[in-house]
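Thanks for coming. I will go through one protein model today, and the sequence and structure are on the screen.

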Amino acid sequence: MNRMGMSWEDVVLIEGGKTSTDPTVVTVNCPDKAGLGCDLLRIVLEFGLYVIRGDFSTDGKWCYIVLWVVPRPSSLRVDWESLNKRLLSCCPSCLPTFYLNQLSDCAKPPQLYLLKVFSLDRKGLIHDVTKVLCELELAIQRVKVMTTPDGKVLDLFFITDGMDLLHTNIRREETCEHLRGVLGECCISCELQLAGPEYNIQQGLSCISEAVAEELFSCELSAKEDRAQTLSADVSKVKKASITVDNLLSPTHTLLQIHCLDQKGLVYDILKISKDCDIRIVHGRISSSVKGYRSLDLFIQKEDGKKIVDNDNQVALCSRLKEEMLHPLRVIITNRGPDTELLVANPVELSGKGRPRVFYDVTLALKTLGICVFSAEIGRHSTPLRQWEVYRFLLDESRGFPLTNNRAKRDIVDQVRRTLMGW
């Protein structure tokens, strides 16, 4: 059957492995569009899936993508049918009428909803709520967590629905019911409603001092953070990342050969840079991890279909890629008046989308350490070169991690970073 006659159900195919340990094979075969690979990998990351290996190819009009994926952790429950629908929603249709309708739908920003959870405080509360939202495919766009003096917590989650069903009473009631089931007697009230227009303006952050901003957003690791990362043996390996540019092998493509330490979201980070820099990956091969290292071979072109021959353009692209491989997420711990604050930041896509599951991973790390969060917020911060999504957590003192102890602070940073990077 020719491309234009292929079944809509054949655009995305998901085939499970023969055994529980075998990877699931995800195949996407559809018309191409700018940034499609990045959009697909973002959804894969949202579902908590790790890409073991992959192949990409396109002629500029049609693309074929195969990904071998496994859930991380292996106990993670994946709704494969829902993943299929989400991936399909990213793919341009073969049919012109559907294609035009899809372009119209994609132009509309997703509806923003406000979830209010009022409950008694306990360790791991924020992560438990976040876990439910992730399982229900509800993406957290912004959050405000406040602890009251009498030991209660008000969580305000601004969320969007990957299934686009929150406008229905059934979906809203299902969400609140799941949350009440997880929180149990701690739950005082749970409300979910459409956020008013006053909430649709992108939330800024409360003031970040110049010194903290310099440490958090610097292109290079500061000496202070470099010392903090020495607790992790993986960090010295990260710095061995290499990128080779070859314009001799192919007459029409520039070959990028990337070799670096494997980490969560690596393929998404690389495709995000290619999308933001208007680089087309004509053919790509993602090799399996060997001794913790990952190799990628990418045959690329500029948007005009030409090779990247200008040395300055090559240096700029390699610099962006290395920054993503060496330092995709910034993690520091600092003092905010008398309190201790954990800050995590990641650059957002030019489209405005932040990195998936960051809030989930940070709250998981803090729950694992037994650290309570007094307050939390997500916002955006702009620097001259890019926009950042910033997560701020005011931490409560605990016996296991006295926050006045510098070693304890380094342990917190290390645990959070390891969780974020999948080490």
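**Walking through the model**

Helix α1 is followed by Gly48, whose phi is positive, near 75°. Helices and strands here are DSSP runs numbered from the N terminus, helices being H or I of at least four residues and strands E of at least two.

Before going further, a word on the source. This is a predicted model, in which local features need pLDDT of at least 70 and side-chain atom pairs count only at pLDDT 80 or more, while totals for chains, interfaces and linings use all residues. Residues are numbered from 1 along each chain as its sequence is written, and side-chain values use heavy atoms, with hydrogens and water left out.

How confident is the predictor in the protein chain? pLDDT is its confidence in each residue, from 0 to 100. The average for the protein chain is 87, and 87% of the residues score at least 70. Over residues 97–107 the pLDDT is below 50, and beyond near neighbours in sequence this stretch has 9 contacts in the model; a contact means heavy atoms within 4.5 Å. Residues 222–231 also stay under 50 in pLDDT, and the model has 20 contacts for them beyond four places in sequence.

Now the overall numbers. The protein chain has 12 helices and 16 strands. Of its 423 residues, 51% count as buried, meaning under 20% relative accessible area with a 1.4 Å probe, protein chains only. Among contacts between residues at least 6 apart in sequence, 69% join residues at least 24 apart.

Back to α1, which covers residues 36–46. Because 10 of its 11 residues are buried, α1 is largely enclosed by the rest of the structure. The buried ones include Leu36, Cys38, Asp39 and Arg42. What do they pack against? The buried residues of α1 pack against β2 (24–31), β3, β4, α2 (80–90) and α9 (266–276).

Next, the sheet. Eight strands form an open sheet in the order β1-β2-β4-β3-β11-β12-β10-β9, with antiparallel pairing. Its edge strands are β1 (12–15) and β9 (242–246), each pairing on one side only. From one strand to the next, the twist averages 25°. Two strands count as paired if DSSP finds at least two bridges between them.

At the β1 end, β1 and β2 pair in the antiparallel sense over 4 bridges, and Glu15 stands opposite Val25 in β2. Helix α1 lies across β2, β3 and β4, running at about 20° to β4. Helix α10 (residues 311–326) packs on the sheet as well, touching β9, β10 (254–261), β11 and β12 (293–302), and its direction makes about 155° with that of β9. For these angles, axes are lines fitted to C-alpha atoms, for helices over the stretch in contact, and values run from 0 to 180 degrees between N-to-C directions.

Last, strand β3, residues 49–58. Is β3 largely enclosed or open? With 7 of its 10 residues buried, β3 is largely enclosed by the rest of the structure. On one pairing, 9 bridges join β3 to the antiparallel strand β4 (residues 62–71), and Arg53 stands opposite Trp68. These two strands form a hairpin with 3 residues between them, and Gly60 in the turn has a positive phi of about 95°. β3 also pairs with β11 (residues 279–286), antiparallel over 4 bridges; there, the bridge partner of Ser57 is His283.

How values were computed. Buried means under 20% relative accessible area, exposed over 50%, partly exposed in between (1.4 Å probe, protein chains only). pLDDT is the predictor's confidence in each residue, from 0 to 100.
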